Amino acid sequence: VFAGPLQVWQLSAAPVLDKVLNPQRVDMYSLDRAEVVMVFASIAPSALSGSALPIAVMIDSPFNDPLVSRAAVAALLDAGIGVGVVREVSAERQPSTIVAADPEVADALALLLNGVLGTISTIDWTSPVEGIDASITLGNDFVDDLRNK
């Protein structure tokens, strides 16, 4: 901690005011699921457990923008895809989002995402990670669509 750079992330929280969800009106807050998954998949992926989702992926983002990473996590969670690892990487940006996995998983992910992460290209994953079914490297198409909304 003392030898290197340190980043801080304040999780956003909203009070639960719904009388059905919080009938006794106690101090209760809800967190943004995508944000929580993004933060913990970035700093402590081994701390994530208990996902009932059938596929878990690793997201690599060459954009160094937490808003882009959070949007990708939200899109994947909405599609029923678990996120186990999120990394900001130094890599050449590509026009399309690249899904690296075995062909069956890559095809299933492409169908589930159906353009949500922009144009998708699939490749064989040569360096799989235990517990992770695919690697997704975000592309410019996704980021351009996100920023133009």
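**Exercise 1. Describe the salt bridge between Asp-65 and Arg-147.**

Step 1. The side chains of Asp-65 and Arg-147 form a salt bridge, with N to O at 3.0 Å. The term stands for a side-chain nitrogen of Lys or Arg within 4 Å of a carboxyl oxygen of Asp or Glu.

Step 2. Asp-65 sits in the loop between E3 and H2, and Arg-147 in helix H4 (residues 140-147). The pair links distant parts of the chain, 82 residues apart. Helices (H or I, at least four residues) and strands (E, at least two) are DSSP runs, numbered from the N terminus.

Step 3. Check the cover. Asp-65 has a relative accessible area of 17%, so it is buried. Arg-147 has 52%, so it counts as exposed. The cut-offs are under 20% for buried, over 50% for exposed, and in between for partly exposed (1.4 Å probe, protein chains only).

Some ground rules apply. The model is predicted, so local features need pLDDT of at least 70 and side-chain atom pairs pLDDT 80 or more, while totals for chains, interfaces and linings use all residues. Residues are numbered from 1 along each chain as its sequence is written, and side-chain values use heavy atoms, leaving out hydrogens and water.

**Exercise 2. State how many salt bridges the structure holds, and describe the pair of Arg-70 and Asp-32.**

Step 1. The structure holds 3 salt bridges.

Step 2. Arg-70 and Asp-32 meet through their side chains at 2.7 Å, N to O. Arg-70 lies in helix H2, and Asp-32 in the loop between strand E2 (29-31) and helix H1 (33-43). They are 38 residues apart.

Step 3. Arg-70 is partly exposed at 28% relative accessibility. Asp-32 is partly exposed at 25%.

Step 4. Side chains of opposite charge can pair when their charged atoms come close.

**Exercise 3. Work out the surroundings of Asp-60.**

Step 1. Asp-60 belongs to strand E3 (residues 56-61). Its relative accessible area is 7%, so it is buried.

Step 2. List the contacts (heavy atoms within 4.5 Å). Leaving aside residues up to four places away in sequence, Asp-60 touches Arg-87, Val-89, Ser-135, Ile-136, Thr-137 and Leu-138.

Step 3. Pick out the charged partner. Asp-60 and Arg-87 meet in a salt bridge at 2.7 Å, N to O. Arg-87 is in strand E4 (residues 82-88), 27 residues from Asp-60. At 37% relative accessibility, Arg-87 is partly exposed.

**Exercise 4. Which residues have a positive phi without being glycine?**

Step 1. One is Asn-64, with phi near 50°. Asn-64 lies in the loop between E3 and helix H2 (66-78). With a relative accessible area of 64%, Asn-64 is exposed.

Step 2. Another is Asn-114, at about 45°. Its loop runs between helix H3 (103-113) and E6. Asn-114 is exposed too, at 66%.

**Exercise 5. Sum up the whole protein.**

Step 1. Count the elements: 4 helices and 7 strands. Along the sequence the pattern is β-β-α-β-α-β-β-α-β-β-α.

Step 2. Take the dimensions. The C-alpha atoms fill a box of roughly 50 × 40 × 35 Å along the principal axes.

Step 3. Find the buried share. Of the 149 residues, 35% are buried.

Step 4. Sort the contacts. Among those with a separation of 6 or more, 71% join residues 24 or more positions apart.
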